[in-house]
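Me: I would like to learn how to read a model of this kind with care, taking one feature at a time. Could you walk me through it?

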Amino acid sequence: MVSKGFPPKKKRGPVARDVNDIRHNRLTLRAHDDLMKLLSLRASEAGLSRSAYIERLLINWLRADPRNPRIDNMGKMSPSAGPTPFEARSTEPLRIAERWNRFSQAHELIFGQNAPRDWFEDADSYWPAAVGGHLDPDDSGDDPKEAEARRLAAKKPRQRY
């Protein structure tokens, strides 16, 4: 018999993440069944879900490229990461050149050719940062929720006949 003297305790779930730490976007990958089997195998070896394993691969590949800003384990850019990648070329040229050589070797292993040298030399191939005088062409600076609400409002409702 259940006692009615004490109210039931509320179960606590995990602490909610900060709004800035939530992943807002999705990435869909079309792949052959054999590739999915291999990804599942390697993910289970790493003790991760397939999705987390692929996310880790992508984040580490982007971290290896010295033209990109510093990102955390979720893929979020670090706002206090110091100079922009393009500015770091002049402030820390040896470190950036070493990172470029490692990235170029990885690029050759994966794609069969070194990364093009003009990627390293051309300012436009570096991450466009507001500090460096460029703006991300896909980012208007809006809150993701506001951008989604605007996108949904722009959709026309279907007309039924």
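Me: What pLDDT does the protein chain average?

Reply: This is a predicted model, and the protein chain averages a pLDDT of 79, with 73% of the residues scoring at least 70.

Me: Which elements have the lowest and the highest mean pLDDT?

Reply: Among the elements of the protein chain, helix α1 (residues 33-46) has the highest mean, at 96, whereas helix α6 (residues 144-154) has the lowest, at 60.

Me: Where does pLDDT stay under 50, and how many contacts beyond four places in sequence does the model have there?

Reply: Where pLDDT is low, the predicted coordinates should not be read in detail. Here that concerns residues 130-134, over which pLDDT stays under 50 and for which the model has 7 contacts beyond four places in sequence.

Me: Is Leu109 buried or exposed?

Reply: A residue counts as exposed when its relative accessible area is over 50%. Leu109, which lies in helix α4 (residues 93-111), has a relative accessibility of 76% and therefore counts as exposed. Together with Ile110 and Phe111, Leu109 makes a nonpolar surface patch of about 380 Å².

Me: Why is Glu55 called partly exposed?

Reply: The partly exposed class lies between the buried limit, under 20%, and the exposed limit, over 50%. Glu55, a residue of helix α2 (residues 50-64), is partly exposed because its relative accessible area is 26%.

Me: Which residues does Glu55 touch, not counting those up to four places away in sequence?

Reply: With those neighbours set aside, Glu55 touches Arg23 and Met74. As for Leu27, the C-alpha atoms of Glu55 and Leu27 are 9.7 Å apart in space, while the two are 28 residues apart in sequence.

Note on methods:
Residues numbered from 1 in each chain as written. Predicted model: local features only at pLDDT ≥ 70, side-chain atom pairs only at ≥ 80, totals over all residues. Heavy atoms only, no water. pLDDT = per-residue confidence, 0-100. Helix = DSSP H or I, 4+ residues; strand = E, 2+ residues; numbered from the N terminus. Contact = heavy atoms within 4.5 Å. Patch = residues over 30% accessible without salt bridge, like charges linked within 9 Å, V, L, I, M, F, W, Y side chains within 5 Å. Areas by Shrake-Rupley, 256 points an atom, 1.4 Å probe, with all protein chains shown as cover. Salt bridge = Lys/Arg side-chain N within 4 Å of Asp/Glu carboxyl O. Buried < 20%, exposed > 50% of the residue type's maximum accessible area, 1.4 Å probe, protein only.
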